[in-house]
Amino acid sequence: MFQLKAAVGRILQLGLVLWAVVTILFLMFRLMPGNPMAAYIDPTFTEEQQLALMAQFGLDKPLWEQYFIYLANLVQGELGQSFRYREPVAERILALLPNTLILTFTSLIIAYVFGVLAGAYLAWRRGSAVEQAAIPVVLTTRAMPEFWLGMVLLAIFSFWLGWFPAGGTRSAGTDHGNLLGLYTSADFLSHLALPALTLAIYSQGLPLLLMRSNMLDVMKEDFVTMARIKGLSNWTVVVRHAARNALLPVMTSFAIAVGYQLQGNVVVESVFSWPGLGRELVNAVSASDYPLAQGAFLMIAIVVILMNLIADLLYALLDPRVTHV
Amino acid sequence: MSETVIARPALVSRLFGALRLPINDPFAVAGLVIYAVFVLTAIFADQIAPYDPTEILYTEEFDLAADLRPGEQGFVLGTTSLGRDIFSQIVHGSRSALLIGVTAAFMVALIGSIVGLVSGYFGGWIDALLMRLADIAFGIPFLPFVIVLAAFLEPSIWNVVFAMALVLWRDTGRVIRSQVLTLRSRGYVEAARVAGSSNLKIITRHIAPNILPLSFLYGSIAIGWAILTEASISFLGFGDPSQISWGYMLQDAFASQALAKQAYYWFVPPGICIILVVSAGFFITRGYENILFPKLGR
Amino acid sequence: MTTAGKHRHEVFVSARDAQLHFRAGGALAAMRGKSRLIKAVDGVSFDICRGESVGLLGESGCGKTSMGRMLLKLEEATGGAVTFDGADLNTLRGEALRAFRTRAQLIFQNPFDAVNPRFTIRATLAEPLENAGVPPAEREQRIIAALELVRLPNPAEFLDRHPHQLSGGQLQRVVMARALILQPDFVVADEPVSMLDVSVRAGVLNVFRDVRDRLNLTAIYISHDLALVRYVCERTIVMYLGRIMEDGPTEDIVREPLHPYTRALVAAVPVPHPDQDHAPLPIGRGAPDPLNPPSGCVFRDRCPKAHARCAAEIPVPRQVGTRRVACHLYDEAGAAAPGKTA
Amino acid sequence: MSDILLSVRDLEVGYKVGRRIIHAVDGASFDVPRGAIVGLVGESGCGKTTVARALTRVIADNALITGGQMVFDGRDIAALPEREMNRLRWRDIAFIPQSAMNSLDPVYTVEYQLNEVLRRRGGLSARQARMRSEELFEMVGIEPGRLRDFPHQFSGGMRQRVAIALALALNPKLIIADEPVTALDVIVQRQILDQLRELQSQLGISVILVTHDISVVAYVCDRVVVMYAGRVAEAGPMAATITRPAHPYTIGLRNAFPDLQGAADGMLVPIEGAPPSLVEPPPGCRFAPRCPFALERCRLEVPETHVLADGHSAACHRSGEADMLRAEGSKTQTWLSA
């Protein structure tokens, strides 16, 4: 039986972490040099708007009171107004989230499918020339700045060969109706290709190396030796016993990788002008649009924390040693 | 006490022995060689670089030496759109990389090791507190955090170091803590307790020498992280414009349409340099791949 | 003190209703509701007189090692008291604790784990001397003397070697030498030969017996092996799931075990000759589960003689002849021998 | 049909360490009769476990069988092509490991792991496999209801019973049990040994019981093979070998073993020294450096195996003087002066 109690405990714990991150965010934006009110009030707002915001965020009150107002606003999903877009931050962020998620998941799924298979293969071919050559190459992909890889791919496939567009999610003048229509269109997919490939190349190293080293560890386990002594076929030994056991931590790493990836997206989205959370964060910070920056940061943090939680739950669900006590 | 003075050389040699540098692994050797070249380049940058990296150069015909291809007019790697020597920028870029890499790695390894040691050895409420702090650090998205921090603080390469010290100790701290937990249950640590050794003595004599290799491994990984982070931050335009770094060069190239101009000589070399230095750290720690993703090593 | 039989000396080490309870999985697991209370030691009382050697016998998970660690203040009792030479170990601090650390020593189970692999034998043996403030000039001589005491031939040759250059038997002697170098009066040996090969075990056991007699040590010998305990201890305390089942002269326990658990234990010990009893053991199948011990007598779920009372009431140890037995079978006999309960 | 199920002759198994080959087993010969339990006994590093694994031909990556024969039921396992060897595995030769915890795959139920063997290796249908699994669990004394449990849900003793059930699954002719009770407490150990002995005699299987514990051998074995430093020192019927040992090593071992039924004041006598390094073993008898009876000859010449009586043999130059060795060897003084 799945342990509900343990899961609830973990959720509470991560709730605590979320609260801490929110608090750090509050302090960061309030204690920054200069006028703390600048975090919420654009000097170009009309006086009326300024007063309304002052009241909403209690900016005339002492810091601790502001903090509680800030928390109360957060709980209601109230993140303030973007200076640049003159629209609620929450709406803006929720509109950008799908773009980021689709890029993240597409690239990670590619990376994991490739990484798991290649990792298992390299473990199986341990000591061979292929393995000797592959590992340094994989380590090198982990050492690349993602945005640089994106730049190289852009220079080659977009500017030189002209196979893929250079940025954005759709070509000018196209309209695909709703989101589903957009995401399934060929135009969108050709825009997605390069950024997804960039992130996939960077990310595949993690599942690959993890799968390989887990496999190598599992292959040393007694139960694998026993499977051989039982006369089971090589396929059964390697796939059903070694790979099945090695896969467990790789699966849970997927969720954590989503969290990591989201941070890496910040640069890759900028290179490919991909209208996602990361690029929005960068632009907002550059343009001193603090409410928007704060909101984007918060959203990314929430996904990171959520993914940490999912990783734990996944682990508990997949490992019988945790599930069946 | 005279005894400690005598014991010191032995301790030092023991510490170095503890690092167990993998000199029979060709990739590790390659990594060490890359590090050596990198460090030498950084130290002698002024002697190696033919020009000041920020100086705007002119050709013999007194034209702006802009967008020259490699080899033209004697510029080994060509020039930028503003007429600066790319090769000199590469050479000087190694300075900021070294500076950031080493200080950040040192901070991360130091803080992580101390947290891990204290948390693992003493346990109890200190452990609970430190590990909750680590949980929080794991909840902070690192790159966005650096961006926001860099935006609020004066542009400086130290922002990256500061941010890394604030956040990235978590990985090192956790792993070292679990290592300390195993060590603490070893018979010889218990034996030292029974023999009446103080906590300080047990930590310095029996535990620290065993975790030093791990700190070192994390340090070399952190060098790579620091350089990559600085590159990302500079690329996004939050770097220190007065300091030439590889990330700054890439941003300059990207913003100056180098991709469309097919100016590979401009944006490829800095990338290669970053890859070389970062992968050097990975090569040295090869065989310890698990430490690349500590959160997963349950 | 009636249990001590021939020892009519003062009580040196004693446990009074000693408990060691802890939560498995640490504080974090407790917060998540994952942990459970483990009663490693649960209400153990005994007195050990100066110069006595006592075996703590039991299966894995019976609490014998935890009890041994409490006697050395490596764990603190969570209930009851453990005293050493009249001092309560839980309140021992500062100078008194330092003095205790020189007087009470531990001999480890696994010699390869018990010495720091980076240290030479000299450095290993010097550590307790440094802590005790022995001047450097005297140390070498004390180290050699300690190694001679444990009959390590040509001790000077070993001083600069590292542990991996020694055999298990040699290393275990080094571990014993380290325990003895400060001339303690109390030693706890935790399965000191279980990791060693049979052909060298006897040598280490003989050294242990010899040194104990020569230094008039009070010794606790923790083991799962009755035959070994019999070789080194005149008195044995049999534990099961954190409690004492039977306590008395070893020879009496071997010849005529009283507690049903001890009976099964004695019957189960294999002997190295062909003519032995193959009758089924007088004990139920299954294994002790420290997480869910039965109510009343912790042994009742495997006991062939369990009756209703065993589930309802925890048996109190009673004097039965030379021994103390915690079993409801002896309730009347216990009533005959007056007054001695925990 | 011969009475001998397995005949091992001059078996050599080496481990590649760097460029050298270190022989963990260096010319071991012994027989396993049908329907008998043979104890393979010796101290750590004597090669007993290596022999056991060599019989399955599933050995460490750096290990190799460098010589000798293992004639099993008329066929030499050492020379069998891998395909045919694999056909033999588990159907004819099964294995009980020391730690069933590590030898059962943690992510599958016990039923899955029994099924795997029964169906993939035994060719049973799903229904047959289910019936056989239940039958096997009943044989080893576990409720069939626990088939659906995962390995970690069993106690140490129960897991060892599961391992026995697995070994019996395909009715093998030989079961190799590698220290099957070493990790268990005495009471459970005794219960498992009783179970093993009972099933073995019921089914008429041969068992090789690898152990370091002479008491265990004395409790369950019919024959015993004593190994020392990669070679067989002495082999014979259990009772004869234990009561009338002929090799000085066996004699010494007996003195070193505590005996709960012996006199209370008996002294244990160690064998001084340690087993020789297998990297550079002594040229003659490998026990000679520790042997109180060693002659000049013992240090130079490898002793041959001398047959003493029906099936009892010892590899000792002085085995002709076995009675004297025994008499002298039982004295403490003999061993202390060595």
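Modeller: Gladly! Let's begin with contact: two residues are in contact if their C-beta atoms, placed from the backbone, lie within 7 Å. This is a predicted model, where local features need pLDDT of at least 70 and side-chain atom pairs count only at pLDDT 80 or more, while totals for chains, interfaces and linings use all residues. Residues are numbered from 1 along each chain as its sequence is written, and chains are lettered from A and ligands numbered from 1 in the order in which they are written.

Biologist: What makes helix α10 (residues 222-229) of chain A largely enclosed by the rest of the structure?

Modeller: A helix here is a DSSP run of H or I with at least four residues, a strand is a run of E with at least two, and both are numbered from the N terminus. A residue is buried if 20 or more other C-beta atoms lie within 10 Å of its own, exposed if 12 or fewer, and partly exposed in between. In α10(A), 6 of the 8 residues are buried, so the helix counts as largely enclosed. They are F223(A), V224(A), T225(A), M226(A), A227(A) and I229(A).

Biologist: What do the buried residues of α10(A) pack against?

Modeller: They pack against α9 and α11 of chain A, and also against α1 (48-56), β6 (93-96) and α3 (100-103) of chain D. Just after α10(A) comes G231(A), with a positive phi of about 80°.

Biologist: How many helices and strands does chain A have?

Modeller: Chain A comes to 14 helices and 0 strands. Of its 325 residues, 45% are buried. If you take its contacts between residues at least 6 apart in sequence, 72% join residues at least 24 apart.

Biologist: Which domains does chain A have?

Modeller: Domain bounds come from an automatic or database domain assignment, and for chain A this gives domain 1 (1-88) and domain 2 (95-318). The two touch: 22 residues of domain 1 are in contact with 18 residues of domain 2. Nonpolar means Ala, Val, Leu, Ile, Met, Phe, Trp, Tyr, Cys or Pro, charged means Asp, Glu, Lys or Arg, and the others, Gly among them, are polar. On that count, the side of domain 1 that touches domain 2 has 16 nonpolar, 4 polar and 2 charged residues.

Biologist: How many residues of chain A are in contact with chain B?

Modeller: 44 residues of chain A are in contact with 42 residues of chain B. The elements giving two or more residues to the chain A side include α1 (4-30), α5 (129-143) and α11 (234-271). The largest share, 8 residues, is from α11(A). By class, this side holds 36 nonpolar, 7 polar and 1 charged residues.

Biologist: What makes a group of residues a nonpolar core?

Modeller: The members are buried Ala, Val, Leu, Ile, Met, Phe, Trp, Tyr and Cys residues joined through C-beta atoms within 7 Å. The largest such core has 386 residues, and I147(B), A222(B) and A226(B) have the most contacts inside it. Helix α10 (residues 199-235) of chain B gives the largest share, 19 residues. As for A222(B), leaving out residues up to four places away in sequence, it touches A104(B), A105(B), V108(B), A109(B) and L168(B).

Biologist: How do you know that strand β3 (residues 53-57) and strand β8 (residues 218-223) of chain C pair?

Modeller: Pairing takes at least two DSSP bridges and these strands have 5, so they pair. They run parallel, and L57(C) has S223(C) as its bridge partner. Both belong to an open, mixed sheet of 8 strands, in the order β6-β7-β8-β3-β9-β10-β12-β11.

Biologist: Why are β6 (104-107) and β11 (318-320) of chain C called edge strands?

Modeller: Each of them pairs on one side only. For β6(C), the partner is β7(C), in parallel over 4 bridges, with I107(C) opposite A189(C).

Biologist: Which residues of β6(C) are buried on its two faces?

Modeller: A104(C) and L106(C) are buried on one side, Q105(C) and I107(C) on the other. In a regular strand the side chains alternate between the two faces of the sheet.
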